[in-house]
Amino acid sequence: GHDASAAVANLTRNVVIAGADSTNTGFLLNLNRTQDNFNLTYAQISYLGKAATAKWGVTFSSSACGTISYSSIHEGYVGLFLQNSSTNSFTYNLVYNNTGSAAFGEIYLMSSSSNNFISNHAYETSGGGTGFNLQRSSNNVLFSNQAYSQATGISMTLSSNTLLASN
């Protein structure tokens, strides 16, 4: 295989990030350790991710942090996947129709804490899956989010001290 990677400094100008086709072989992996170094705003992200470690779609891993706002993440494997990632902010995003939502969720947190999810929408047109899935993830804020056409809207397992309000 061919590994094509790119270093990008600022994605705040109506950006489209898409896999080559619906086979979802591309992925976006954030490894930044500084909040201000990953700021994705007004982006359309589609056809990314597969069932492979750190290649889930849009993945924040290994203490990565950053911000995604006013963006859409769709038709990938898992929309937004956080693992061991904290102090992130996700606002006014639309995450939908990701094929791995039945197993993980449109938005999935594993051992990730102190994240803010404000006014996000997560849905699956097939009516299955989970909107927000928190596993071993505490001290997060979910405020004014919507999860619809899902089997489960918000799922929390072994997660505590999370503020859920107006969802």
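Select tyrosine 47, which sits in the loop between strand S4 (43-46) and strand S5 (57-61); helices (H or I, at least four residues) and strands (E, at least two) are DSSP runs, numbered from the N terminus. This is a predicted model, in which local features need pLDDT of at least 70 and side-chain atom pairs count only at pLDDT 80 or more, while totals for chains, interfaces and linings use all residues. Residues are numbered from 1 along each chain as its sequence is written, and side-chain values use heavy atoms, with hydrogens and water left out.

Although tyrosine 47 is not a glycine, its phi is positive, at about 55°. The residue is partly exposed, with a relative accessible area of 30%; buried means under 20% relative accessible area, exposed over 50%, and partly exposed in between (1.4 Å probe, protein chains only).

Next, select serine 111 in the loop between strand S11 (107-110) and strand S12 (116-118). Serine 111, a residue other than glycine, has a positive phi near 50°. Its relative accessible area is 30%, so serine 111 is partly exposed.

**Stop two: confidence**

Colour the model by pLDDT, the predictor's confidence in each residue, from 0 to 100. The mean for the protein is 88, and 90% of its residues reach 70 or more. Confidence is lowest in strand S1 (residues 15-18), at a mean of 83, and highest in strand S15 (residues 141-143), at 98. Where pLDDT is low, the predicted coordinates should not be read in detail.

**Stop three: a buried glutamate**

Move to glutamate 124, in the loop between strand S13 (121-123) and strand S14 (130-135).

Display the backbone nitrogen of asparagine 98, which the side chain of glutamate 124 reaches at 3.5 Å. Leaving aside neighbours within four places in sequence, glutamate 124 is in contact (heavy atoms within 4.5 Å) with residues including Ser101, Glu106 and Tyr148.

**Stop four: aromatic pairs**

The structure holds 15 aromatic pairs. Rings of Phe, Tyr and Trp (its six-membered ring) pair if their centres lie within 6.5 Å; planes under 30 degrees apart count as stacked, over 60 as edge-to-face and the rest as tilted.

Select tryptophan 56 and phenylalanine 104, whose ring centres are 5.0 Å apart and whose planes stand at 55°, so the pair is tilted. The pair links distant parts of the chain, 48 residues apart: tryptophan 56 is in the loop between S4 and S5, and phenylalanine 104 in the loop between strand S10 (94-96) and S11. Both tryptophan 56 and phenylalanine 104 are buried.

Then select phenylalanine 60 and phenylalanine 90, an edge-to-face pair with 5.4 Å from centre to centre and 70° between the planes. Phenylalanine 60 belongs to strand S5 and phenylalanine 90 to strand S9, so the pair ties together parts that are 30 residues apart in sequence. Both phenylalanine 60 and phenylalanine 90 are buried.

Definitions and conventions: Polar contact = N/O pair within 3.5 Å; in protein donor to acceptor, adjacent residues only side chain to side chain.
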